[in-house]
Amino acid sequence: MPQAQPEPGRERVLRPLHTGRPALRRRVWDACFVGASGLSAFVVMVPLALVVWHLLAKGLPELNLDFFLHLPKPVGETGGGMANAIVGTLILVGIATLIAVPVGVGAGVWLAEFGRGRLAAAVRYTADVMSGIPSIVVGVAVYGLVVVPMGRFSALAGGVALALLMLPTIIRSTEEVVRLVPRSYREAALALGAPRWRTTQDVVIPAASAGIVTSCLLALARASGETAPLLFTALGNRFWSLRVDQPMASMPVFIYDYARAPYDDWNRQAWTGALVLMLLVTLLSALVRLTTRRAPRP
Amino acid sequence: MSGALTVPALPAGAPRRRPGARWADEAYRRGLGALALLVFVVVALIVYEIARGAGPSIRAFGWHFLVGTEWDPVADRYGALPYVFGTAVSSGLAMLLALPLGLGTAIYLAELAPHRVDQAVSFVVELLASIPSIVYGIWGLFVLAPLLRTLVEPWLIQHFGFLPLFQGFPFGIGMLNAGIVLAIMVVPTIASLSREILLATPPSLREAALALGATRAEAIAVAVDAARPGILGAVILALGRAVGETMAVTMVIGNSNRISASLLAPGSTMASVIANEFTEATGALYLSALVEIALVLFALTLVMNAFARLLVLWATGGRSDAAGAA
Amino acid sequence: MKPEIRIRTHDFDLFYGAHHALKSVSLEVPANSVTAIIGPSGCGKSTLLRSFNRMNDLIPGVRVRGRVELSGLDVYAPGTDVVELRRHVGMVFQRANPFPKSIFENVAYGLRLLGVNRRAELEARVETSLRRAALWEEVRDRLGRSALALSGGQQQRLCIARALAVEPEVVLMDEPASALDPTATARVEELVLELKSRYTIVVVTHNMQQAARISDTTAFMMVGELVEVGETRSLFTRPRQKLTEDYITGRFG
């Protein structure tokens, strides 16, 4: 029998707790709390509205076909565009994708399919921590690792820097989506006598392919807006250049240079560039997020 | 059309592993594993390169580098304190503004908002996070700065000018501008991660509190209390981003290397001085000093991130995709 | 003498969106006794229990019709203060859900909400509640330790102590022992019997033996309807309804 019987004799006599409606203070605090949190959710959205509004107001007037088709004009001449920067960004992001996607997807698949134990945990953790390295630091490192040995700034160095920034995102989200593939798919393939690697390669990866593409696009969108790591890797270029061993223009660096320049005309073009960049990056990630939102989450 | 089709018989016999199968499995697994291990190689290379590049500066100045206030390329003497100070002030100000807003948003979304509102606002918050930093920079430079210069800063000087924080000339660009832009940039991190963490706390805690006669706010306070370690992790992650953010800050902080008590004064951060001076750094020691700033920045964000990731992982039981993606 | 009725529902209906979860339930719960609600899972017994303190309000899309009275007061009347209502109706959940705080702070939580802040009074009330929940002797030396370090059975009794601290009139228990081992279950059952002199207790359980052991009145529910209610012994020995008989003899559920 329990030894801890209540001992009514030893219970102290307590006066009844006050009854009645909760104190006014509590109700007021409750209302304030709820109101304040709703208000903060609203306030957080205000900057987005302002940024979008100003981008449209200041960027749209200068937006025309020339902007996409022409090279920058010298100071003093009006008009011109940033065709070289748009192409440059595509090339830089292309190089980065070529490097980061095979490595990132491979590593992500490994984590999801074979990643048990301490080694996998360490890879995961390192990838997470790597995503927190400031992009400017990555730029400095790539300057020393690629630019200095090559002897010049180059598109290749810029692509490598962007690849390093894309890598952790691709690894972790690939792992996430591959994990979502139902076990029954793997079991079905294994039960048919397929070896493990064929199962992963022919069944699991195709089943997760939409998600893998999505996560790569998300990383790509983020990388195409990056400026800091390009400043001293790809540098920038006012002229046409398609050579990967030469400095290359990019939209973010173009915007940065034009925004800081003391010419109104350049400043206006910087706004237009920012609008185009924002459309590129944000529409891409918005589309990606809208399509993935429908997919079941783990 | 009668009679069965003739189907060639499959090879019969006892199940027997083809000799290559085992080898192929192993090769595939190891191949992918090697790609995963590249992560270590990459991080090691970054660390090595930055440490190597910082070597001359470390040997020349030692610990004095961190407390010296002199940044003189002509005399080749470098002290990074103004930049450390600028990073601390701008990030601190950003957190001061972003923490209540981000946490309030997270609480509203996780605890109070109807499902549709939660989905819509969460989406907007994700969009905010995806805007390139250069866009925030141009906005801060051409929209926020004039606003601060003509309205906000004169008002602050007039009413709070007795505080050293608000003395000086209304430049528009400076610490205040950088702090506000950084706050806008890190609010999504705090809001979306804290929301995930609140959603991961057991609903039974709120039920228990409500059943005891707690008001909505009091029940939510119990959940927030239980989520505190995870929220702390989210805040440190956000702080890490603020500390490492480069372009937007470089455009709006004014790039002065003086230490000033006033939030209205221009300054510099570790990241912004690298962005500004790296390509112009002519001397070997000058370049090395900038690389050493990158090293300090790297070490700082590494420690913050490593700690914060642990907190977030622990708080969400390792389930949070935000822990990986944010 | 007719016993005082503490809770009374009259033609009470509850809908989750289009799902009709409770169908015209009329039930009387006598004061200072134990009432058990039994029935197969999904029959609405927990829903009914959670209607007594309006915990169902937390679920979006819930609509109710009919009356629930607590000591003669209309629980669903527009002017009812839900916070105050829940203060008078304690609740213990299926899984022990202590706050991630110390043992002391768990019990003191509801008191602090009511503005009790004097240390001496808090200590006295916490001790009284822990004694009533038969937990005092086990935890008196470690009140400052985390509640999560207690065993499952101890955690559940701590949750009972936490509910008792704010001096409720009614204690609702939603399968309080379903996650506990047999020993811990026995202790919770004993506790229920001890508590009924002070409180009106309603227990939802899927365990018929448990209902037979601890309750004075038993109500049997199926698919949202109250099939039969009566004195526990007679309901189990001489059920009036065929459905009840089938259920208690184990023909389904």
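## Interface of chain C and chain B

In this predicted model, chain C and chain B bury about 1500 Å² between them, 70% of it on carbon and sulfur atoms; buried area is the accessible area (1.4 Å probe) that two parts lose on being put together, summed over both. The contact (heavy atoms within 4.5 Å) involves 20 residues of chain C and 16 residues of chain B.

Two salt bridges are found across this interface, a salt bridge being a side-chain nitrogen of Lys or Arg within 4 Å of a carboxyl oxygen of Asp or Glu. One of them joins B:Asp225 and C:Lys101, at 3.6 Å from N to O.

On the chain C side, the elements giving two or more residues are helix 2 (82–88), strand 6 (89–92), helix 3 (103–113) and helix 6 (152–165). Helix 2 of chain C gives the most, with three residues. Helices (H or I, at least four residues) and strands (E, at least two) are DSSP runs, numbered from the N terminus. The chain C side divides into 13 nonpolar, two polar and five charged residues; Ala, Val, Leu, Ile, Met, Phe, Trp, Tyr, Cys and Pro count as nonpolar, Asp, Glu, Lys and Arg as charged, and the others, Gly among them, as polar.

## Interface of chain B and chain A

Chain B and chain A bury about 7400 Å², of which carbon and sulfur atoms give 76%. Each side is listed with its own count: 84 residues from chain B and 84 residues from chain A. There is one salt bridge between these chains, formed by A:Arg26 and B:Glu218 with the closest N and O atoms 2.7 Å apart. Polar contacts number 14 residue pairs, both residues at pLDDT 80 or more. Helix 1 (residues 19–61) of chain B gives the most to the chain B side, with 19 residues. That side comprises 57 nonpolar, 15 polar and twelve charged residues.

A:Thr227 lies in the loop between helix 8 (196–224) and helix 9 (251–260) of chain A. Its relative accessible area is 1%, so A:Thr227 is buried (under 20% relative accessible area, 1.4 Å probe, protein chains only). Beyond neighbours within four places in sequence, A:Thr227 is in contact with A:Pro252, A:Val253, A:Tyr256, B:Ile134 and B:Met247.

## Domains of chain A

An automatic or database domain assignment gives chain A domain 1 (21–62) and domain 2 (65–293). Eight residues from domain 1 and nine residues from domain 2 take part in their contact. The C-alpha centres of the two domains lie 32 Å apart.

The domains bury about 780 Å² between them, 76% of it on carbon and sulfur atoms. A:Leu55, A:Lys58 and A:Glu62 supply 70% of the area that domain 1 buries against domain 2, more than any other three residues. A:Glu62 also meets A:Arg268 in a salt bridge (3.5 Å, N to O), and the count between the domains is one salt bridge.

## Helix 1 of chain C

Seven of the eight residues of helix 1 (residues 45–52) of chain C are buried, among them C:Leu48, C:Leu49 and C:Phe52. After this helix comes C:Arg54, with a positive phi near 55°.

## Conventions

Residues are numbered from 1 along each chain as its sequence is written, and chains are lettered from A and ligands numbered from 1 in the order in which they are written. Local features need pLDDT of at least 70, side-chain atom pairs count only at pLDDT 80 or more, and totals for chains, interfaces and linings use all residues, while side-chain values use heavy atoms, with hydrogens and water left out.

Key:
Buried means under 20% relative accessible area, exposed over 50%, partly exposed in between (1.4 Å probe, protein chains only). A polar contact is a pair of N or O atoms within 3.5 Å; within protein, one must be able to donate a hydrogen and the other to accept it, and residues adjacent in sequence count only if both atoms are side-chain atoms.
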